[in-house]
Amino acid sequence: MTALQATSPLPTLPGDVVALPARPHHPGTGSIADMALLEEVKQACPEMTDPGKWRENRTYRYGWSLFEAGFYWEAHEVWEPVWLACRPNSLEKSFLRAAIQLTNACLKDAMGKTNAARRLFDEVDGLVSELKTALGAENKSYMGVDMTRFARRES
């Protein structure tokens with residue numbers, strides 16, 4: 001299985017409650033997403049995504065909890081309002097795009113759609129490379145994610 005590794009994991013902060021859905025949703029399989037839980041988390045999304053305040057952005061952090069637990073469709077759902085709240089053409093918007101595409105790649109991989117997963121992983125690799133260039137060599141972390149580990153690895 002091919003996977004991308006992000007942070008391992010984001011730090012748990014005081015007041016964090018990480019209730020996960022009962023099971024991951026895989027579209028087209030008859031599974032049902034726990035939309036009530038996801039909507040509650042999405043409602044907590046700040047009006048503007050500030051990369052310097054990622055610790056306070058519970059919606060953003062919950063997306064990583066979902067991702068790390070293998071809830072790829074759910075992480076995408078939760079990150080969408082975070083992405084929409086980013087400034088246009090900003091580094092944080094590009095970063096969230098890479099994270100969302102990462103969830104898409106992992107979901108396709110989990111569903112056995114190897115060609116689609118490979119195409120998406122390649123896209124994520126390109127986005128992460130651009131982010132690393134924009135961040136510069138001295139910045140190893142962005143929005144709590146270790147960028148040296150936000151790269152493809154075989155597992």
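Cys106 is buried, with a relative accessible area of 5%; buried means under 20%, exposed over 50% and partly exposed in between, using a 1.4 Å probe and protein chains only. The model is predicted, so local features need pLDDT of at least 70 and side-chain atom pairs count only at pLDDT 80 or more, while totals for chains, interfaces and linings use all residues. Residues are numbered from 1 along each chain as its sequence is written, and side-chain values use heavy atoms, leaving out hydrogens and water.

**Cysteines**
- Zero disulfides are found in a search of the whole structure, a disulfide being a pair of cysteine sulfur atoms within 2.5 Å.
- Cys45 is in no disulfide, and the nearest cysteine sulfur, that of Cys86, is 8.4 Å away.
- Cys45 is buried, at a relative accessible area of 16%.

**Nonpolar core**
- The largest nonpolar core has 41 residues; such a core is a set of buried Ala, Val, Leu, Ile, Met, Phe, Trp, Tyr and Cys residues joined through side-chain atoms within 4.5 Å.
- Tyr60, Trp64, Trp79, Phe95, Met147 and Phe150 touch the most other members of this core.
- Helices α1, α2, α3 (72-84), α4 (91-110) and α5 (114-135) each supply at least two of its residues, and α4 gives the most, with nine.

**Helices α1 and α2**
- Helix α1 (residues 35-43) packs with helix α2 (residues 58-68) at an angle of about 145°, and their axes are 8 Å apart.
- Leu37, Leu38, Val41 and Lys42 of α1 meet Thr59, Tyr62 and Leu66 of α2, where contact means heavy atoms within 4.5 Å.
- The residues of this contact are five nonpolar, one polar and one charged.

Methods:
Axes fitted to C-alpha atoms, helices over the stretch in contact; angles between N-to-C directions. Helix = DSSP H or I, 4+ residues; strand = E, 2+ residues; numbered from the N terminus. Nonpolar A, V, L, I, M, F, W, Y, C, P; charged D, E, K, R; others polar.
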